[in-house]
Amino acid sequence: MQLRALFVEKTDNPFLQLFRYVFVGGIAAVFDFGTLYLLDEFCRIHHLLAAAVAFLVGVTVNYLISKQFVFTQKKASPVAEFLEYAVIGVIGLGLTEGIVYLCTDILGFYVMLSKLVATVLVFFWNFFARRIFLYRSKENE
């Protein structure tokens with residue numbers, strides 16, 4: 001398989017989309033974790049607020065890159081697409097906050113480790129929710 005087909009050409013193949021989403025997620029995670037680290041360690045913002053802001057930064061990066069390389073299907077209405085994306089993102093944020101709270105405040109993990117646990121779990125929620133509800137192909141409808 002050519003590199004272009006692996007990363008750039010449009011596809012509805014769920015395995016190829018997941019492969020691409022891992023790379024996009026990695027880039028978004030750098031922004032997410034970097035923002036959390038800066039806000040928590042240097043700005044001394046409460047870890048739950050810092051995690052929420054960091055999540056929003058990461059999800060924005062993820063959305064912008066995913067639209068170009070992972071989920072390239074277009075919805076009929078950009079407004080509907082954004083609203084569906086926002087709902088999935090809010091659920092992901094709620095999951096992230098719950099996991100960070102549980103791991104940091106209840107179990108006593110370091111906030112960055114809590115964020116890692118949340119990121120892994122929410123990664124799968126985001127991918128499958130977006131694939132199933134937001135960017136399903138016409139053949140699956």
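The model is predicted, so local features need pLDDT of at least 70 and side-chain atom pairs count only at pLDDT 80 or more, while totals for chains, interfaces and linings use all residues. Residues are numbered from 1 along each chain as its sequence is written, and side-chain values use heavy atoms, with hydrogens and water left out.

Begin with the cysteines: the structure holds zero disulfides, a disulfide being a pair of cysteine sulfur atoms within 2.5 Å. Select cysteine 43, which is partly exposed at a relative accessible area of 49%, and then cysteine 103, which counts as buried at 5% relative accessibility. Here buried means under 20% relative accessible area, exposed over 50%, and partly exposed in between, for a 1.4 Å probe and protein chains only.

Rings of Phe, Tyr and Trp (its six-membered ring) pair if their centres lie within 6.5 Å, and planes under 30 degrees apart count as stacked, over 60 as edge-to-face and the rest as tilted. Select tyrosine 37 with phenylalanine 42, an edge-to-face pair at 5.7 Å centre to centre with 80° between the planes. Tyrosine 37 is partly exposed at 36%, whereas phenylalanine 42 is exposed at 59%.

Move on to phenylalanine 123 and phenylalanine 124, whose ring centres lie 5.1 Å apart with planes at 90°, so this pair is also edge-to-face. Phenylalanine 123 is buried at 18%, and phenylalanine 124 is partly exposed at 42%.
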